[in-house]
Amino acid sequence: MALIQALADLRARAWRTLDLGLLAQLNAPDSAALSADRAVVRRAASQELRYRDLEFTVSSATPRADGPGAGTVQIDAVIAAGPYAVVPAGAGAAAVPVPADPSRPVTLTLTWTGWRWQVADVASTPTGSAG
């Protein structure tokens, strides 16, 4: 579970700082996960928004026995987003609070890219199937 929390922490940091380089560390090259995260970060940057205090918490992470094969593993995980604020640029602009998002079951597909495990895909899992 420590690996999945570390990946979740890196994702939150990339979103908070709008750092495309961190997304490249987090996600596998040319992956669906990288495309999705880049779209979120680029949209926020173009609208001059920041995600203040965004954090993800992993409450469970279980590898699937029927994984896709060598160099790839699927993990059923439950991940929650804590409360945060969307902060627009500009003096006097009001931050928009976003409530915590309760635990959400997902299936992470991780790929060994020669130097670390990176996220290739994140898929929603029907409630009760993860963890």
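Okay, let's start with one residue. Leaving out neighbours up to four places away in sequence, Thr57 is in contact (heavy atoms within 4.5 Å) with Gln5, Val78, Ile79 and Ala80. Before I go on: this is a predicted model, where local features need pLDDT of at least 70, side-chain atom pairs count only at pLDDT 80 or more, and totals for chains, interfaces and linings use all residues. Residues are numbered from 1 along each chain as its sequence is written, and side-chain values use heavy atoms, with hydrogens and water left out.

So where does Thr57 sit? You'll find Thr57 in strand 2. Strands here are DSSP runs of E with at least two residues, helices are runs of H or I with at least four, and both are numbered from the N terminus. Is Thr57 buried, exposed or partly exposed? Its relative accessibility is 47%, so Thr57 counts as partly exposed. The cut-offs are under 20% relative accessible area for buried and over 50% for exposed, with partly exposed in between, using a 1.4 Å probe and protein chains only. Thr57 and Ile4 are 53 residues apart along the chain, yet their C-alpha atoms are separated by 9.5 Å.

Ile4 brings us to the core. A nonpolar core means buried Ala, Val, Leu, Ile, Met, Phe, Trp, Tyr and Cys residues joined through side-chain atoms within 4.5 Å. The largest one has 31 residues, and Ile4, Tyr51 and Leu108 have the most contacts inside it. Which element gives the most to this core? That's helix 1, with seven residues. Take Leu108: not counting residues up to four places away in sequence, its contacts include Ile4, Val73, Ile75 and Val122. As background, nonpolar side chains in soluble globular proteins tend to be buried together.

Now zoom out. The protein has three helices and seven strands, and from the N terminus the order is α-α-α-β-β-β-β-β-β-β. Its radius of gyration is 15 Å, close to the 14 Å from the globule rule for 131 residues, so the protein is as compact as a globular protein of that length. That radius is taken over C-alpha atoms, and the rule is 2.2 Å times the number of residues to the power 0.38. Buried residues make up 38% of the 131. And of the contacts between residues at least 6 apart in sequence, 58% join residues at least 24 apart.
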